[in-house]
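Here is a short report to read alongside the sequence and the model. Please keep both in view as you go.

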Amino acid sequence: MSMYRRYNYRAYPTRGQREALSRLYGACRYAYNWALDQRELMRRRHGRMQSCTQLSGMFTQWKTNPGMEWLLAVSSTPLQQSIRHADVAYRNFLRLYKAGRTHIVTNHHTGKKRRTGVPRYKSRRDGEQSAEFTKSARFKVEHVDGCKWAFLTLPKIGRVKLRWTRELPSTPNTVTIMKHADGSYEASLTVQVDDKTDAPKPLHEACGIDMGLGSLMSIVYTDGTREKIPHPHTLKHKTRRLRKLDKQLAREKKGSNNHAKTRLLKAKTYGRIRNQRRDMAYKLAFRVAGENQAVALETLNVKGLARTRMAKSLLDANWTRIIDRIRQLGVQYGRTVTRIDRWYPSSQICSQCGHRGGRKPLDIREWECPNCGIRLDRDWNAALNILDAAGLAESLNARGGDVRRGLAQAGRNADACETGTHRTVSLH
Ligand SMILES: [Zn+2]
């Protein structure tokens, strides 16, 4: 079986190329918004929609109208792709609408009403700008072995320099060239690859993972070891700087040069946070999926939790991305990834005797089971319960009750603790 994978590289376009790209992004936005408009018009007038091919044909006609020459000056493939993306967005919306899953919300400040899920127009002011080229655009990637730079040739843009950080396994199918809010460029290439070709050898048979606010991950392994991975707190470190920039922005006049400069600085700080978070999530997911043949996780209600006052530390924790990445790698490496229902009371049950105590406030890190008297660590106990619920604890149980007890017990004197905690993963 083969699948698509993305390979991203930082791109360094020249000044001329940046101008050409900016024109291309403008045209792509125009095509996207145009397609949304056509869809809506057609639906209102006739109650039905054009196919994506029809829309593409209409756009090709539209480009020949007087005053539309600027659309002819850029490569046509990214424009067709934008129309395709608008088509997908609109179809997704209609599907939700028909299923009755959209509703009308009112903006408290402006009093404006809008329906949720309606695809939005793309704007020049959006932080992210992108254009996608397919194979039919005949783009080209050239790299000389051992060289730290590569060249990506795009029609009507030219040869764009890429920082070559890893080898491509084969010829890419599509390339998306993106501009981020901080002004940096990135090329994202999709490549068809055979899966399971580069799966690392697993170290552990199975593990159970509890994700929490105390530590990012608490992991118990069936061989009797355990470990906690601390939160990286990327955002926290940068919050002070962001707050300072916000104050500065408030003082500066809108539209002034200094205002624009501060805005760029702010975007750069956010860009750095974004990169660090992604890097952290990918490294951690790679380790978890690489080291374990089977992984048990909890399904989290991230959106629900994000509404509470823990929102910032939670979103910083990057949970959804880590879990998604673990699942993705799990498929790639042929691992079993089991997700436990989020209503499963993993932190209420004693993993040793099965006694179910009530809910505990989040600040209680350790608790004593009233039934068997063991002092439990909240996170490790939950992780062990998750391992149980996934049906993966068999070989652990075969190791005997002492090993099992050690896994969930609070305190550093527990045998299992030592092997685990010394292995720390660098998250930055
Ligand atoms: Zn108990």
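## Overall picture

What percentage of the 428 residues in the protein chain is buried? Buried residues account for 45% of them, where buried means under 20% relative accessible area, exposed over 50% and partly exposed in between (1.4 Å probe, protein chains only). This is a predicted model, in which local features need pLDDT of at least 70, side-chain atom pairs count only at pLDDT 80 or more, and totals for chains, interfaces and linings use all residues. Residues are numbered from 1 along each chain as its sequence is written, and side-chain values use heavy atoms, with hydrogens and water left out.

The protein chain holds 13 helices and 16 strands; these are DSSP runs numbered from the N terminus, with helices being H or I of at least four residues and strands E of at least two. Its C-alpha trace spans about 85 × 60 × 50 Å along the principal axes. Of the contacts with a separation of 6 or more, 67% join residues 24 or more positions apart, a contact being heavy atoms within 4.5 Å.

## Domains

The protein chain is split into domain 1 (1-194) and domain 2 (204-234 + 278-421), with bounds taken from an automatic or database domain assignment. Taken over C-alpha atoms, the centres of domain 1 and domain 2 are 39 Å apart.

Let us turn to one strand. Five of the five residues of β11 (residues 217-221) are buried, so this strand is largely enclosed by the rest of the structure. Both of its faces are covered: M217, I219 and Y221 lie on one side, S218 and V220 on the other.

Strand β10 (residues 204-211) runs antiparallel to β11, and five bridges join the two; strands count as paired if DSSP finds at least two bridges between them. β10 and β11 make a hairpin with five residues between them. β11 also pairs with strand β12 (residues 226-229), again in the antiparallel sense, over four bridges. This second hairpin has four residues between its strands, and G224 in the turn has a positive phi of about 95°. I219 is a handy landmark here: I209 stands opposite I219 on one strand pairing, while E227 in β12 stands opposite I219 on the other.

## Surface and charge

The accessible surface of the protein chain comes to about 23,900 Å², and 50% of this belongs to carbon and sulfur atoms. The areas come from the Shrake-Rupley method with a 1.4 Å probe; for residues, only the protein chains shown count as cover.

The protein chain carries 81 positive and 38 negative charges, whose mean positions are 11 Å apart. Lys and Arg count as positive and Asp and Glu as negative, leaving out His and the chain ends; each charge is placed at NZ of Lys, CZ of Arg, CG of Asp or CD of Glu.
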